[in-house]
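Open the model in your viewer and have the selection tool ready.

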Amino acid sequence: MVVVLQPVPKCKTSSVLIPVVDFADPTSKTQIVKACEELGFFKVVNHGVRPDLLTKMEEEATKFFALSQSLKDKAGPADPFGYGSKRIGLKGDVGCVEYILLNANNHLSSTKSTAVFRQIPAIFREAVEEYMEEMKGMSSKVLEMVEEALGIEPKEKLSRLVKVKESDSCFRMNYYKEKEETQAKEEIGFGEHTDPQLISVLRSNDTGGLQICLKDGTWVPVPPDHSSFFVFVGDTLQVMTNGRFKSVKHRVLTNIKRSRLSMIYFAGPPLAEKIAPLACLVPKQEDYLYKELTWSQYKSYGYKTKLGDYRLGLFEK
């Protein structure tokens, strides 16, 4: 089967200042809330993750994607966990991308995650496990700051969803191979979408391509910064804040002579967790914009949709 990669349709682009949150700044929690309300996206500096761990992750992931196709295929096909190439999801979406998707929770085993680890050296597996713990901590910290800034009760209402052992989080590494010749038109590396979980934490190398979509439909390129992290609001957090925080649509375009490597940690709640607007933020149920659902229901529904579909529409009142 031949997979045809389509060029990106023409659209307007613009530049905008990406909010920068310094974890060492005492006002960081209010900055996070403002960024989540206005853009659904921000950059984190002074995050405390060791630079050598980031370097090791990048080096070892690059080695994996440089393996022969036959070796990489032993860790696939993705279901959704495991190794995948070009095909994204089950509904025909494709992109100029190879990826590894891993279950980030040891309590929720995945045979495909195990298959990936069999194809990589111990140093890479150890780095991945340490990195996922760091991302779990950063996700929890961001949500704790949101709780403090918004006065959310009971305590740890959001952050505990990531901390508990039943948390259904996952980790993805996307690799966009360099091109020998620059194309006349940009191509889709990873099509436009929102992330379904609470929040996503992204780190990439110094190659561009990431864009976010503003409320007016304008696409904004995000300057790369390999020393920082980028945080996306997910659909689940949009529901729990009753639309106060917006899940931001984003994509990756490729028209490059240098490879791009992205690592994304998706902080998800337990499968059985009931998701609804928080009563402390929206006291009257008649003011709820969304119906109550479980994370398992929303996740299952997401697998049945195309990448760019507006999944929250089914759960709007």
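Select helix H2 (residues 51-65) together with H5: their axes come within 10 Å and cross at roughly 130 degrees. Axes here are lines fitted to C-alpha atoms, for helices over the stretch in contact, with angles from 0 to 180 degrees between N-to-C directions. That angle makes H2 oblique to H5, since under 35 degrees counts as roughly parallel, over 145 as roughly antiparallel, 65 to 115 as roughly perpendicular and the rest as oblique. Show the side chains next: the contact (heavy atoms within 4.5 Å) includes Leu-53, Met-57 and Phe-64 of H2 and Phe-124, Val-128 and Tyr-131 of H5.

This is a predicted model, where local features need pLDDT of at least 70, side-chain atom pairs count only at pLDDT 80 or more, and totals for chains, interfaces and linings use all residues. Residues are numbered from 1 along each chain as its sequence is written, and side-chain values use heavy atoms, leaving out hydrogens and water.

**Second stop: helix H1**

Now select residues 28-38, helix H1, and colour its buried residues Ser-28, Ile-32, Val-33, Ala-35 and Cys-36; buried means under 20% relative accessible area, exposed over 50%, partly exposed in between (1.4 Å probe, protein chains only). They cover an arc of only 165 degrees around the axis, so they sit on the same side of H1.

**Last stop: Arg-172**

Finish in strand S5 (residues 170-176), where you will find Arg-172. Arg-172 is buried, at 10% relative accessible area. Beyond its neighbours within four places in sequence, its contacts include Tyr-99, Phe-190 and Met-263.

Key. Helices (H or I, at least four residues) and strands (E, at least two) are DSSP runs, numbered from the N terminus. The arc is that of the directions from the helix axis to the C-beta atoms.
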